Structures are given as structure tokens and as C-alpha cells.
Amino acid sequence: MSLLGAARKRFASQGFAGTSVRDIADEAGVHPALVTYHFAGKRILWERVLSEAMTELVAAITARVTDV
């Protein structure tokens, strides 16, 4: 599982405050240092997860509106 996928799953189930970098790394099957290496920390990863989720949401809404 990718870091983004693991983070999304953990943030969705445990929230930002309830999720640690170690939780995300364990979910992804990688060393916790890789989270910091790729995303400079939990906050940046959280922002990236939210950004991707919002992009998906906008695309889904746009598809539904334009299909009408």
C-alpha cells in the first residue's frame, strides 16, 4: 500500500490527532522515516491526502453534473 493510501485509511479511521507517523508507516509496511523523507512530516501528508480527496470529489461531482 502506498504512503498516501495508508495515510488516507488511517486518517479516515482515527483522525489526524489519533494517527501517528508510525501508524501510517506500519499500514504501508515501510520504515517511519520514509514518511518524513517523502512528505516532511504528518501535517504535509495530511494536506496532500485532503487535496487528493477534494480533487476526487470535484471530479465526481463534475462528472455527475455534466452527465445530466
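Visitor: Does E52 count as buried, partly exposed or exposed?
Guide: The relative accessibility of E52 is 30%. Buried means under 20% relative accessible area, exposed over 50%, and partly exposed in between (1.4 Å probe, protein chains only). By those cut-offs E52 therefore counts as partly exposed.

Visitor: What pLDDT do local features need in this model?
Guide: Residues are numbered from 1 along each chain as its sequence is written, and side-chain values use heavy atoms, with hydrogens and water left out. The model is predicted: totals for chains, interfaces and linings use all residues, side-chain atom pairs count only at pLDDT 80 or more, and local features need pLDDT of at least 70.

Visitor: Which residues does V49 contact, leaving aside neighbours within four places in sequence?
Guide: Contact means heavy atoms within 4.5 Å. With those neighbours left aside, V49 is in contact with L4, A7, R8 and F11.

Visitor: How many residues apart are R8 and E56?
Guide: Their side chains meet in a salt bridge (3.0 Å, N to O), that is, a side-chain nitrogen of Lys or Arg within 4 Å of a carboxyl oxygen of Asp or Glu. The pair links distant parts of the chain, with R8 in helix α1 and E56 in helix α4, and the separation is 48 residues.

Visitor: Which helices hold E27 and K9?
Guide: The side chains of E27 and K9 meet in a salt bridge (2.9 Å, N to O). They lie 18 residues apart in distant parts of the chain, E27 in helix α2 and K9 in helix α1.

Visitor: Which residues do salt bridges with shared partners join into one network?
Guide: The structure holds 5 salt bridges. R48 and E52 form one of them (3.2 Å, N to O), and because they are 4 residues apart in helix α4, about one helical turn separates them. Bridges that share partners make one network of K9, R10, D23 and E27.

Notes: Helix = DSSP H or I, 4+ residues; strand = E, 2+ residues; numbered from the N terminus.
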